[in-house]
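I opened a new model today and kept notes as I went. Here is what I was looking at.

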Amino acid sequence: MNHAIAYVLMNLSALTAADPAALDHFESQIRPLFITHCIQCHGPEKQKGGLRLDSRAGWMNGGEKGPAIVPSEVENSLLIKAVRRIDAHLQMPPDEKLSAEEIAALEKWVASGAPDPRETSEAAPKREKADPKTFWSFQPIQDPAPPTISKPDWVQTPIDAFILATLDAKGLTPAPRADPRTLVRRAYFDLIGLPPTPEQVDAFVKDPSPEAWSKLIDELLASPQYGERWGRHWLDVARYADSGGFETDIYYKNAWRYRDYVVKSFNEDKPYDVFIKEQIAGDELWPGNLDLDGTYKIPEESLHRQEARIGTGFYTLSPQIHESNMNGKKIRYETFTDWVDTTGAAFMGLTMSCARCHDHKFDPISQQDYYGLQAVFASSKQVQESVVPPMSVADYHQHYPKILAVDEARRAVRLFDEHTKGRDLSDDEKTERQKLMIALAESVLKVQEKTAQGEPFDSLYDLPTATVLGHEEPELIPAVHVLNRGELVQPRDEVSAAVPAALRDASAWTDPVPTHYGARTALANWLTCKSHPLTSRVMVNRIWQGHFGRGIVSSVNDFGQMGARPTHPELLDWLATEFMKNGWSIKHMHRVIMKSSAYQMDSAWQNETNSATDPTNYYLWKMNRRRLEAEALWDAIHSASGTLNLKMGGRPVLPPLEKDEGAPGYWFASADPADHNRRGLYILQRRNFRFPMFDVFDLPVNAVSAPARDTTTVAPQALWLMNNSIAVKQAEAFAARLMQSPKENPNAPAPDAATLVQNAWRIALGRNPTDAERLEAITLMGTIAPTSTKDGLTQLCLAIFNMQEFAYVD
């Protein structure tokens, strides 16, 4: 066996440990799917074909055709074959096919080993429909005082008092503080998604100041890479993609502007309530044009207006079907559906989609509520708006008025076409339209010169634009009806714009929702009022998940009846209150969380009593060990190799692919080789062709809001890291970096094998190798390439990329 492969295999065994993310996927995606589509015929009251799907034992025992699921074997699982409806005699559900997203969720669940906490049918709690007057997440947010605890010295922030009180009540002991090297690596990956350099590790380890930890947190929060790291978390929630999906997978040329808006918002610590308002109603709350102020600079107010308008790009990322025969009404209906579902999941942590066809079976959301939210968006549509790229003073003076002229000319054509839509033009109207088109062409020709510092104008009509929300003309706004079984062809009563009644009452909200213009503003204001029971709870729970790997409510997109219950409900409310008291500052919450003893606990510490009482670390008696997400792993590889290009923003980039990776015809590697080494955040995110490395490392399905990253352990992951040309080239670059003479002494002799191994461990893992590791690594290098230090070192570097410790944060 190849020694490098053997070295990797030694580190793979621990990858199969149970992972909370897989259970979160079951709770947020699979359990609701079973309840909605399966349990009625395959549950406690009825068992068609002898099959039960209300427990793990039920589907493992199977029915007349055998076990319904073979864990980790998607193609051999009868349930998957049934929902794919390939066999005419095996099609489930019988009345309607599951959506592509639902099938993909089932496939991912089976591939991850089909974790199912419902060991027996009797163990599954029967859950009635949530009563908004008593259900926990619909109750007003409290401001609880931290409890009195047994170890006051352990309390660094109020968080610790809540955690320790629960541990005491359960007879659990908190883990000791992690060592400084572990903490500095944890902080770097958590806040900026990159490993610390050996110098940065040493600086923290050697700093005796009691303020060293706080100083490190502040430095990382001030880094521009912070926005890239936490912006990526939000992009999962926003179902970000650079294309529409389905067969055509139409390219969204301006999606990247929303991505850059998110990164900038996190870096600036934009208050979360403002962040919400900009995304939902930026065009309504900050209306107007980019007016000149008599100088060569754009007024700050105008810049904010442009930024807020780009924020509404949140609603322009919907999957789009372009190859079907759907009419305009159907397309618009599916768009509104996506907007309502995404709004519910992202901002309120609620699954709204069930109410599309009938009153929600478990949460107090009626069909009337669902279509009332659709009516909020009825007057909205996607529009292209000119944006002003960065310019020099001279460029600005020369080009900006011309860009505004183009925008005005384009709007004139758009308005004319909307007013004459659906009928033949008269001769006078044809003449008028021709004049408008000539005016547009002339205005475009005046701005064809490239700016000295800004982005170029790519073609005659490809001026810098952003895809944002705008408004329909009043006569084109469609009426919204409650639909029988969600069928567009079966309309019932017409509805007006409204927020869900139960939540409106729970938040004591009395402001009216305008019929059309201003409806999104009302929605945004309601969501960000401090009496709303969900908004702040949901966001602090997302922040907590980003630091601990699991939310206080593990089903982060489902705070409803079928979601998980909070492990520490008083702590969740304290965090939500602290968030609002401090101006909805996300960076403040990072500081509060990371300064706690709970965050700084060791992840490897073991205690027999704790392990027996709480084997899944449900009550947080130690830190959770977490695998890096696909993009963070990509970044870590390039960082270790010394090739990472930290250029920020701009259009997505395309690294080269292997011939056997099935690259579609449009995947042309970026012309500039430096772009091949950009951070993973900037790699093209198409919906129907996912970047292969990201795909094997569990990039979430981005057709819907993604609550959390799954963590699977499958062979293609190791195969990519061992054999893919990108991994090999990065290993070569890492080896070359290690063999390079130091800048301060370019004539120094080449480092010996022990020094090479020492430096490799410090760069890649943030620590020194043990004596056994050093000996094993030197032996590996000599065995693979006894006459070539470079070749042997390259193989060692490739093996390091495959080490469990490299891919995990302790």
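**Ground rules**

I am working with a predicted model, where local features need pLDDT of at least 70, side-chain atom pairs count only at pLDDT 80 or more, and totals for chains, interfaces and linings use all residues. Residues are numbered from 1 along each chain as its sequence is written, and side-chain values use heavy atoms, with hydrogens and water left out.

**Cysteines**

I looked for disulfides (pairs of cysteine sulfur atoms within 2.5 Å) and got zero.

My cut-offs are relative accessible areas, using a 1.4 Å probe and protein chains only: buried is under 20%, exposed is over 50%, and partly exposed is in between. Cys354 comes out partly exposed at 22%, while Cys797 is buried at 0%.

**Helix α5**

Helices here are DSSP runs of H or I with at least four residues, numbered from the N terminus. I picked α5, which covers residues 100-111 and has 12 residues. From first C-alpha to last it reaches 16 Å, close to the 16 Å expected; that expected span is 1.5 Å times one less than the number of residues.

Which residues of α5 are buried? I noted Ile103, Ala105, Leu106, Lys108, Trp109 and Val110. After the helix comes Gly113, and its phi is positive, near 100°.

**Salt bridges**

Side chains of opposite charge can pair when their charged atoms come close. I counted a salt bridge when a side-chain nitrogen of Lys or Arg is within 4 Å of a carboxyl oxygen of Asp or Glu. How many did the search of the whole structure find? It found 42.

I wrote down a few pairs. Arg52 meets Asp54 at 2.7 Å, N to O; Arg52 is partly exposed at 25%, but Asp54 is buried at 8%. Asp695 pairs with Arg690 at 2.8 Å, and Asp695 is partly exposed at 38%.

Then I turned to Glu307 and Lys264, whose side chains meet at 2.6 Å. This pair links distant parts of the chain, 43 residues apart: Glu307 is in helix α13 (residues 300-311) and Lys264 in helix α11 (residues 255-267). Glu307 is buried at 14%, whereas Lys264 is partly exposed at 36%. Both belong to a salt-bridge network that also includes Glu268, Lys270 and Glu278.

Conventions. Helices (H or I, at least four residues) and strands (E, at least two) are DSSP runs, numbered from the N terminus.
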